[in-house]
Structure formats: C-alpha cells, structure tokens
Amino acid sequence: MSGFRRMASTKIIFEYATFSILLLISLSYVATSLNVSTLCIKEERIVLLKIRKDLKDPGNCLSSWIGKECCNWKGIECDNQTGHILRLNLQNSHICGMEWSPLSGQLNPSFTYLKRLIHLDLSHNNFQGVPIPKFIGSLGMLSYLDLSWANFSGMVPSQVGNLSNLHYLDISSLTASSIWVRDISWLSLLSNLQYLNMNFVNISSPSTELFRAVNMIPSLLELHLSFCNLDTLPPSLPFQNITSLSILDLSFNDFSSTIIPSWLFNISTLTEINLYFSYLSGPLSSKFGRGKLCKLQQIQLSNNYQLTGDISELLEALSCSNQTLEWLLLSSNQLTGKLPNSLWQFNSLLELDLSNNSLSGPIPASVGNISSLGSLNLQGNMMNGEIPESIGQLTKLSTLNLLQNFWEGTMTNIHFHNLTNLISFSVSSKNKSLALKVTHDWVPRFHHLHDVEIHDCQVGPAFPNWLRNLKSLFNDIVLVLENVGISEEIPLWLFNISSQIWQLDLSHNNIFGYLPKALNFSSSYSPTVNLAFNQLKGSLPLWSGVSALYLRNNFLSGEIPVDIGKEMSQLTELDLSNNYLSGSIPLLLIRCKRLGIIDLSNNSFSGGIPTSICSLPSLFILDLSNNNLSADLSSAFQNCSNLKTLVLKYNRFFGSIPKDVTKNLPLLAELLLRGNTLTGNIPEDLCHLPFLHLLDLAENRISGSIPACLGDVHGYKLPQTSFKYLMYSFVFEDHVPYTRHIELVFDGRIVDYINQMVVHSTIDLSKNDLTGEIPEKLSELVHLGALNLSWNHLTGNIPSNIGSLTDLESLDLSHNHLSGSIPPSMTSMTFLSHLNLSYNNFSGQIPVANQFGTFTDPSIYEGNPHLCGTPLPTNCSSLMLPPRDEEEDANESEDKRERFWLYGSIAFGYITGFWVVCGSLILKRSWRHAYFNFVYDMRDKLLVFIAVNMVRAKRRFGLETN
C-alpha cells in the first residue's frame with residue numbers, strides 16, 4: 001500500500017514538474033511574442049523623433065526612423081527584456097555606409113530622457129561648431145561616449161565628470177584649438193575610464209594638473225593627448241596609480257624646454273609609445289630601462305630633432321622586446337653610431353625608420369634575416385660601405401629607401417632577387433661611388449614596383465631596360481633617374497606609359513635627341529616632368545595633362561606654340577630657362593589659370609609682356625631675365641596680387657619703376673630690374689612692401705635721392721633664414737621640385753643661389769645717377785646682408801651708426817663723393833667679408849679692429865688721398881693728436897670765449913679812438929692846422945736831434961775828418 005502511495009506521489013510530482021516546465025516555456029514564448037511587437041517604449045520613441053527633428057540629415061541616413069518599432073531603426077539597440085534604448089550609434093559611417101553625408105544641426109535636450117543609455121556615438125559628423133551640450137553629463141549610465149571628429153567647439157563642459165561609469169571617452173577634434181579645457185580637474189572623477197582620447201583639445205591647465213588628474217584613473221589602458229598644447233613633462237613618473245597603461249600618445253606637443261624623462265621608458269606594460277614631433281631633447285639610449293619594455297610593439301620618436309644617443313646602445317636596451325617590437329621609428333633626430341649585427345634579433349619588425357640622423361658604417365648583412373620587414377628607411381645619414389646582397393632575401397619588403405648616404409660598390413640583380421613585394425626603391429650616393437649594374441636580360445621578380453628614385457649613381461650610359469616593367473593600377477608611377485650618367489635617347493617604351501606617370505625626372509644626364517611633340521599624361525595626380533640639364537633639341541612639345549614642366553638647360557629652339565594655353569591648361573609650373581627659344585610670349589599662356597611659376601630666363605624672347613599676365617590668379621614667380629624684351633614698365637603689372645618674385649634683369653625695359661607697387665604687387669618680396677634703361681626716382685611706395693628683401697635696381701638711369709623710408713622695410717629686419725623655404729626651395733613630399741635660382745652680384749662676381757641656400761637680403765642701387773646723402777635710417781635694417789651704392793653721385797658722410805648692420809657681409813660705396821671719416825662703429829660688423837670704399841673723399845685713420853684687420857688689399861681704400869693707416873702706405877702717427885678728456889675740451893672752449901671778448905674789446909677801442917681823434921680833426925679846421933703844425937715841428941726837432949747826436953758820436957770815436 002505504501003509503495004503504491006509512493007508511486008502515486010512520484011507520478012503527481014512528475015506531472016506537476018512537467019506541467020510547470022511547459023507552462024514556463026509557454027509563458028516565455030508568449031512574453032517573447034509580446035516583446036517583438038511591443039519592444040519599443042513609446043516615450044523613448046518620441047524622444048528619438050525629437051532628436052531627429054533637430055538634426056539636419058542631407059543624405060537621408062535616418063530614413064529608417066519611421067513607424068513604431070524604434071528598436072529596429074538604424075543606429076538603435078534596445079534591451080531585449082525591458083525595451084529601453086541602450087545604444088545610440090549615429091557615427092556617420094555606421095548610419096550612412098560608404099557615402100560621406102554627415103549629420104549637422106542641434107542636439108535636442110530630450111537626450112536626457114534616455115535614462116538607460118550606456119552607449120552614445122556621434123562621431124564623424126559636422127555639428128558646425130556648436131558646443132558640446134552640458135546635458136550630456138546627465139546621462140549617468142553611459143559607459144561609452146564618442147564625440148570625436150564631429151566639429152564641436154568651445155569649452156568641454158565640466159559636467160562630463162559626472163559620467164562616473166564611463167569606460168570609453170573620445171572627444172578628439174579635427175582641428176587644434178576648436179575645443180579647449182580650462183580646468184581639467186573633472187577628469188579625475190572618471191575613475192573607471194579605460195580609454196581616453198583628447199587629441200586636438202587645447203588643454204590650458206598646467207601639465208602637472210593634467211597628469212595628476214590622469215593618475216586618478218587606475219584602470220586606464222590607452223591615453224591619447226596629441227596636439228593638446230602641452231609644454232612640460234614631469235621629471236618623475238606621474239602614473240603611479242595606473243598599473244595597466246598600454247598605449248601612450250603625447251605626439252605633436254611642444255616640450256622644447258624638456259629633457260626626455262626616463263620614466264617614459266620604465267612603464268613595463270606599454271605596448272605603444274608615440275612622441276612624434278614633440279621637440280624633446282637629451283640622450284635617448286641612457287633613458288631606456290633595460291628589461292622594462294618587454295611588451296613594446298611600437299616606438300614613434302621621429303622628428304624631435306634634438307634626441308641623441310648611440311643606436312647600438314639603444315637597440316641593446318630594447319633587446320627585451322626583440323620578439324614583440326614591430327615598428328621602430330626614430331627618424332629626424334641626432335642619433336649616431338653603427339647598426340649592430342644583432343639587428344636580426346628583432347625578427348618581428350615590420351618597419352624600421354632611422355632616416356635623417358647621423359648614423360655611420362655599413363648596413364649589417366644580418367638585416368636579411370629580419371624576414372618580416374616590410375619597410376626600411378635609412379635616408380639622410382652618413383652610412384657608407386657596400387649594400388649587402390642579403391637585403392635581397394627580404395621577401396616581404398615593400399619599401400627600401402637608401403637615399404643621401406655615402407654608399408660604395410655595385411648593386412646587381414642579386415640585391416633584388418627575392419624582393420617580390422617591392423613597391424618603392426630609392427637610393428643615392430653623395431660621393432657618387434655607387435653603381436647599379438644588372439644583366440641586360442634580367443627580368444625582375446617584383447611585379448608591383450611603381451616608385452623608383454635613383455640619384456648620383458652610375459646607371460648609364462644606357463637606359464635600364466628592367467624599368468620597362470613598371471606598372472601601376474592607380475596611374476602613379478614615379479621614375480627618377482637624376483644624374484645617373486645616361487647618354488642616349490629616351491626609349492619609346494617610356495613614352496608609351498606616359499598615361500600612368502605621376503613624376504618623371506631624368507634631369508642632369510646627357511640625354512639627347514628630340515622630344516615627341518604630343519603626349520598624354522592623364523594621371524589624376526597632377527603629373528610632373530623634369531628633363532632639365534640634358535642635350536635635348538627641337539621645339540617645345542605640347543604634352544597634355546602635365547602639371548609641372550621643367551626643360552631648363554637644353555638646346556630647345558623655336559617659339560612657344562601659341563596654343564600652349566589650350567593644350568596644357570593644367571600647367572602650374574613652367575621652367576624653360578637657358579635654352580634658345582625666341583619669338584614673343586604667347587598671349588594664350590594666360591589660359592593656364594593654375595600657373596604659379598613662369599621662368600623663361602636666358603633665352604631670346606622679344607616683344608613685350610602680355611598685359612593680361614596678372615590675370616593668372618596663382619602667379620607668384622615671374623622670371624624673364626636675360627632676353628630681348630622691351631616695354632614701358634611705368635604702368636605694367638596691374639593687380640598682380642600674389643606675385644612674390646619679379647625678375648626682369650638685362651632686357652630693354654624703359655620708363656620708371658612700376659607705379660602703385662603696394663596696390664598692384666602687395667606681396668612682392670624680390671624685385672630685380674638690373675640692366676635696363678629705367679629712369680625717374682625710386683618711389684617711396686617700395687617702402688611699404690612688408691616682405692621686400694631683395695631689391696636690385698643696378699645699371700639703370702635712376703636719379704634723385706635714396707628714400708629714407710627704405711629703413712622701414714620690414715623684410716630687411718627679418719633673419720635671412722626666414723625666406724629660405726618660403727622663396728627659394730619649393731620641395732614638397734613626393735613632388736619634383738622647381739629649382740629656385742637667383743643671381744646676385746657681389747664684388748663684381750655673379751653668385752647663383754639655388755635650392756635651399758640662404759640668400760643675402762640685398763639692396764643694390766649701383767651704377768645709377770643717384771644724388772644726396774646715405775639715409776641714416778638704412779642703419780635700422782639689422783638683417784641686411786649686402787648693400788651696394790657704388791658708381792653714383794652720393795655726398796655726405798657714412799651714417800655714424802652703420803655698425804648696427806651686424807648681418808652685413810658686403811658693402812660697396814665706391815665711386816661716389818662721400819667724405820668724412822670711416823665710422824668707428826663699422827668695426828662691429830663682424831660678418832663683413834667684402835668692403836669697397838675706393839674713389840671717394842674719405843679722411844682720417846682706417847679702423848684696425850675686428851674685420852678691418854683682414855682687409856689687407858689697398859685697393860679697398862684707393863682714391864681717398866686723405867686716408868691713412870694700414871693697408872695704405874700713408875702713416876697716420878704724425879697726424880694723430882693725443883686724445884683729450886672732457887675737462888680739456890671745456891678749458892679750450894673757455895679760452896675761445898675769452899679770446900673772443902679780448903679781440904672784440906680791442907676792435908671796439910680802436911674804432912672808438914680813431915673816430916674821437918680823426919673825427920675832431922675833420923670837423924674842426926683850426927684844430928686840424930694846429931695838429932699838423934705840431935706834427936711838423938716835432939719832425940724838425942727830431943731831425944735836428946738826430947743830426948747833433950750823429951756829430952757828437954763821430955767826435956767821440958775819432959771819425960770826424962778835416
């Protein structure tokens with residue numbers, strides 16, 4: 001009976017359990033079914049619609065935001081159980097796909113009603129400078145907030161510090177200073193942060209306060225503070241509470257007053273450290289904590305410029321990470337030493353960039369064992385020796401840059417044997433001791449090479465045939481064979497790939513022959529062609545699509561085709577200088593609206609300058625020197641608003657210097673009009689050109705005086721290096737440069753400034769008809785490098801404070817009518833290397849201190865007969881008076897006054913006595929007779945007295961005769 005009861009009880013329990021399970025499943029199914037239809041909460045859907053109403057959606061990326069099922073809308077994610085919105089992702093690429101159509105407008109305060117929101121992403125949109133709303137601090141459940149690259153502006157609200165649950169915060173900006181932080185203390189409240197990105201946020205709080213706040217976030221894994229306007233790094237570790245920091249990015253801050261601290265390299269958890277362009281200085285190798293950086297994968301310390309250390313010691317200190325390190329980027333510093341053979345131990349390296357340092361020695365052969373290496377850049381060092389053949393074993397190598405070193409020996413096809421992935425190859429040898437010789441029938445194994453740059457090596461005399469396999473899917477072939485000894489015609493295969501060429505540079509060879517009259521350079525990357533310094537003949541070709549064409553120093557002849565503006569409308573730079581071209585400058589050249597540089601110097605062009613030349617809106621260099629051009633310059637160059645350099649030397653231009661210079665040429669920095677027949681005065685308008693630093697008006701017929709206001713020209717008060725990159729070198733990354741060349745005359749010699757040479761800020765007014773004195777204000781041009789006023793009719797003295805021109809290297813005042821002494825202040829001009837004061841009227845002793853002790857050529861001072869002292873034969877010792885002190889000068893002045901009164905009183909007494917005596921005799925006749933009777937009587941008595949005494953004397957001495 002009891003057993004039956006037990007069985008019945010067990011059955012009941014089982015049936016009850018089964019029924020319960022089935023009921024739960026049914027309820028779960030019903031609940032799920034209900035959730036599918038009622039998941040979106042009505043109040044939150046209304047909030048979303050309010051948010052959308054205030055947003056501008058030009059791409060209709062929120063088109064799915066219709067109907068009641070808001071949890072199915074794009075960018076929305078809800079809680080499956082409660083229906084509350086958890087995630088709102090409006091990142092542009094997430095809601096718009098590949099189409100770039102950013103949201104803009106305002107952020108509706110209704111956001112605050114999304115109380116369960118844990119994820120908010122508004123990145124990569126364009127909110128057009130609106131500030132980050134303060135109400136975001138009310139979203140207390142947020143763990144993820146991304147406002148990056150959304151074009152917010154203004155101060156980051158401190159209410160962000162209320163989001164204590166945040167794990168991820170990105171408020172990085174697109175541009176510097178659009179977002180800023182004054183008080184960073186709110187950051188310390190975000191104690192759960194793991195990721196913090198504030199790139200491009202201008203943090204005006206002291207760096208010490210920033211790092212103190214960061215130290216209060218113990219769980220931080222990534223810290224990105226690039227472009228944050230930080231200026232100091234603490235000397236000791238500021239992250240003592242942070243135990244897991246993996247990525248540290250402090251790039252693009254100006255720590256120029258900071259020696260690189262050692263704590264940066266003692267954080268054992270670091271995998272990436274980025275201090276690119278941070279202007280840190282000091283020894284590097286001694287800072288690395290040996291055995292500390294064992295997890296390191298990337299080091300970016302490039303472009304600090306003042307970091308020093310031995311590369312071997314540095315690599316030894318990093319040996320702990322030789323299995324993990326993938327990127328070692330140390331370019332543009334002052335590292336020295338040789339690459340060690342142990343380099344192969346870093347067998348995980350993907351990129352090694354040691355360019356622009358001072359490394360020496362050869363490349364170790366062990367480099368061939370770094371099988372993972374994809375990029376090797378050793379450009380701009382002092383390395384030498386032969387390039388090892390083992391480099392050809394790097395099967396994953398895509399970029400090999402060996403430019404600007406002192407390589408020797410020969411590279412053969414063995415060096416390229418297994419470089420099947422090579423895309424870019426660059427090499428040059430400063431001592432021109434490297435040859436590149438491959439067998440004629442060699443077929444390279446790389447099939448993607450499209451960037452070849454070889455300078456100053458021996459490749460020729462024939463064109464390297466293996467280059468005919470250059471291919472590019474993106475029409476961006478770069479082929480540079482500059483100064484490599486090629487002495488043959490350009491092969492036809494090269495012209496056949498013109499449509500794929502981005503940059504072609506075959507300059508400084510002996511290439512001869514004729515150029516095709518028509519080619520199509522159709523690359524979308526603005527193709528450039530440089531065939532300068534060769535022996536090419538024929539007429540100027542018309543190559544459509546070319547952006548920059550350099551044919552300088554060849555044997556081209558004929559005229560510029562009149563339709564050049566039509567066929568080559570994309571031209572931005574045209575250099576045809578030093579050829580045999582003739583005819584006139586075609587009017588249709590102005591159809592090249594993008595032309596910025598026109599250099600037609602040293603040809604035989606004639607006629608005038610097209611009056612519409614200034615309609616080229618981008619024109620900033622115009623060099624027409626050494627031709628046969630002729631025109632009245634008085635009213636030329638109207639509205640050339642961007643022209644910086646105007647060179648018209650040695651032509652037949654006449655009239656006056658162009659009028660209204662500051663109005664028509666406001667940016668003019670270089671004005672060279674030497675060797676024409678210009679007349680009139682130097683206009684004071686030139687004084688108002690703020691960037692003027694080269695003025696050459698020599699060998700004309702300019703008259704009048706030198707404007708005193710030239711001493712106010714701002715360009716001569718700037719260091720000469722200020723114009724080094726601005727005016728003389730147009731070298732852009734991956735761009736064939738226009739070789740800036742300008743000729744100035746010093747000491748009768750023509751000095752040609754090219755590329756990045758620092759040019760002398762110059763004023764040359766020689767060989768004109770100038771009169772008057774040298775203005776004192778010229779002494780205020782403290783960075784003037786050369787002053788030539790010779791062969792004029794100047795008078796007066798040299799300005800007494802001319803010694804203020806401490807940068808002056810050349811001074812020529814010869815062949816004028818200057819007088820006075822040589823100012824003692826000139827001994828302060830310690831850079832002065834050329835001086836000519838000959839054929840004037842100077843007097844006194846020649847100074848002997850400083851630079852004057854080096855001027856031993858008497859011709860410097862000849863034609864000044866009253867000058868004396870070394871190096872002239874005239875001795876000044878007999879002419880020199882002893883120096884006098886101030887008391888002696890005062891006594892001498894007092895003596896002069898006393899003598900003046902003495903002589904004055906004598907003259908007054910004489911005149912008074914004369915008229916008292918003689919006047920009375922003239923006016924009174926009786927007195928006159930009495931006076932003259934008295935005079936006659938006295939005469940007679942005097943004669944009698946003399947006669948009597950003469951007789952007595954003869955008697956006494958027995959001289960009387962019978």
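The legends below describe close-up views of one predicted model. Local features are given for residues with pLDDT of at least 70 and side-chain atom pairs for pLDDT 80 or more, whereas totals for chains, interfaces and linings use all residues. Residues are numbered from 1 along each chain as its sequence is written, and side-chain values use heavy atoms, with hydrogens and water left out.

**View 1. The disulfide of Cys40 and Cys70.** A search of the whole structure finds 7 disulfides, a disulfide being a pair of cysteine sulfur atoms within 2.5 Å. One of them joins Cys40 to Cys70, with an S to S distance of 1.9 Å. The torsion about this S-S bond is about 100°, so the disulfide is right-handed. Cys40 sits in the loop between α1 (2-38) and α2 (42-53), and Cys70 in the loop between β1 (55-56) and β2 (76-78); the pair links distant parts of the chain, 30 residues apart. Helices (H or I, at least four residues) and strands (E, at least two) are DSSP runs, numbered from the N terminus. Cys40 is buried at 11% relative accessibility, and Cys70 is buried at 1%. Buried means under 20% relative accessible area, exposed over 50%, and partly exposed in between (1.4 Å probe, protein chains only).

**View 2. The disulfide of Cys71 and Cys78.** The sulfur atoms of Cys71 and Cys78 are 2.0 Å apart and form a disulfide. This link is left-handed, with -95° about the S-S bond. Cys71 is buried, with a relative accessible area of 14%, and Cys78 is buried as well, at 9%.

**View 3. The disulfide of Cys614 and Cys640.** Here the sulfur atoms of the disulfide are 1.5 Å apart. The torsion about the S-S bond of Cys614 and Cys640 is about -65°, so the disulfide is left-handed. Cys614 belongs to the loop between β40 (604-607) and β41 (621-623), and Cys640 to the loop between β42 and β43 (645-647), so the pair ties together parts that are 26 residues apart in sequence. Cys614 is buried at 13% relative accessible area, and Cys640 is buried at 4%.

**View 4. The open sheet with β36 and β38.** An open sheet of 6 strands has the order β30-β33-β36-β38-β40-β42, with parallel pairing. The edges are β30 (512-514) and β42 (628-629), each with a single partner strand, so one side of each is left without a neighbour in the sheet. Two strands pair if DSSP finds at least two bridges between them. Strand β36 (residues 555-559) and strand β38 (residues 580-583) run parallel and are joined by 3 bridges. Glu559 stands opposite Ser582 in β38.

**View 5. Strand β23 with β21 and β24.** Strand β21 (residues 360-361) and strand β23 (residues 382-386) run parallel, joined by 2 bridges. The bridge partner of Gly361 in β23 is Met383. Strand β23 is also joined to strand β24 (residues 399-411), in the parallel sense, by 3 bridges. Gly385 stands opposite Trp407 in β24.

**View 6. The surroundings of Ser331.** Ser331 is found in the loop between β18 (327-329) and β19 (334-336). Ser331 is buried, with a relative accessible area of 7%. The side chains of Ser331 and Ser302 are joined by a polar contact of 3.0 Å. A polar contact is a pair of N or O atoms within 3.5 Å; within protein, one must be able to donate a hydrogen and the other to accept it, and residues adjacent in sequence count only if both atoms are side-chain atoms. Beyond its neighbours within four places in sequence, Ser331 is in contact (heavy atoms within 4.5 Å) with residues including Leu301, Asn303, Asp353 and Asn357.

**View 7. The aromatic rings around Phe252.** Phe200, Phe227, Phe252, Tyr276, Phe277, Tyr279 and Tyr305 form one aromatic cluster. Rings of Phe, Tyr and Trp (its six-membered ring) pair if their centres lie within 6.5 Å; planes under 30 degrees apart count as stacked, over 60 as edge-to-face and the rest as tilted. The structure holds 25 aromatic pairs. One of them, Phe252 with Tyr276, is edge-to-face, at 5.1 Å centre to centre and 70° between the planes. Phe252 is partly exposed at 30% relative accessibility, and Tyr276 is partly exposed at 24%. The rings of Phe252 and Phe277 have centres 5.6 Å apart and planes at 20°, so this pair is stacked.
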